[in-house]
Amino acid sequence: MSPADALNLLSEDPHADVRDLARQIVDQPPDERTLEAAIRHLAGDPSSVDRLRALVSDRQKTITARKLAAAALNALAPESLPVPDTQRSNNIRAESADVEAAEDPVEEFVRILASRRRRPS
């Protein structure tokens, strides 16, 4: 059984609190699939806001893991989501001949999440 499968199986036990284990996995993931499973488990954990925020910004992590962390953070503490500066991003696009290399897809995803939030009336 893979670590990701084990984590998911443990989470089905109503008496098992897998958040501590999920935090440890996020800090030192054995593989990407297990990291992604751990991020999903932290989506409802208020004490993981800083950890999720760091994941969103960590360009060493996969795009999938970073997007999962952004979605989890958006649901958990949307005010903590690191929304990129749109003006800076537009300047990078204008200066870059290779737009795709300059644009971080996770930053674009975060901008979309932020734009969909309800604005106070």
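Let's start with a pair of side chains: E107 and R59 form a salt bridge, with their closest N and O atoms 3.0 Å apart. A salt bridge here means a side-chain nitrogen of Lys or Arg within 4 Å of a carboxyl oxygen of Asp or Glu. E107 belongs to helix α8 (residues 105–116), while R59 sits in the loop between α4 and α5 (63–76), so the pair ties together parts that are 48 residues apart in sequence. E107 is partly exposed, at a relative accessible area of 21%; buried stands for under 20%, exposed for over 50%, and partly exposed for what lies in between (1.4 Å probe, protein chains only).

Before we go on, a word about what you are looking at. This is a predicted model, in which local features need pLDDT of at least 70 and side-chain atom pairs count only at pLDDT 80 or more, whereas totals for chains, interfaces and linings use all residues. Residues are numbered from 1 along each chain as its sequence is written, and side-chain values use heavy atoms, with hydrogens and water left out.

Now step back to the whole chain. The protein chain has eight helices and zero strands; helices (H or I, at least four residues) and strands (E, at least two) are DSSP runs, numbered from the N terminus. Of the 121 residues in the protein chain, 33% are buried. Among contacts with a separation of 6 or more, 59% join residues 24 or more positions apart, a contact being heavy atoms within 4.5 Å. The chain exposes about 7500 Å², and carbon and sulfur atoms supply 49% of this area, computed by the Shrake-Rupley method with a 1.4 Å probe; for residues, only the protein chains shown count as cover.

R23 forms a salt bridge with D20, the closest N and O atoms being 2.3 Å apart. The two residues are three apart in helix α2, which means that about one helical turn separates R23 and D20. D20, at 47% relative accessibility, is partly exposed.

The structure holds eight salt bridges. Another of them joins the side chains of D5 and R33 (2.6 Å, N to O). This pair links distant parts of the chain, with D5 in helix α1 and R33 in helix α3, 28 residues apart. D5 is partly exposed, with a relative accessible area of 33%, and R33 is partly exposed too, with 46%.

Finally, how far can you trust the picture? The mean pLDDT of the protein chain is 83, and 82% of its residues reach 70 or more; pLDDT is the predictor's confidence in each residue, from 0 to 100. Over residues 87–94 the pLDDT is below 50, and this stretch has seven contacts in the model beyond near neighbours in sequence. Residues 96–101 also stay under 50, with two contacts beyond four places in sequence. Where pLDDT is low, the predicted coordinates should not be read in detail.
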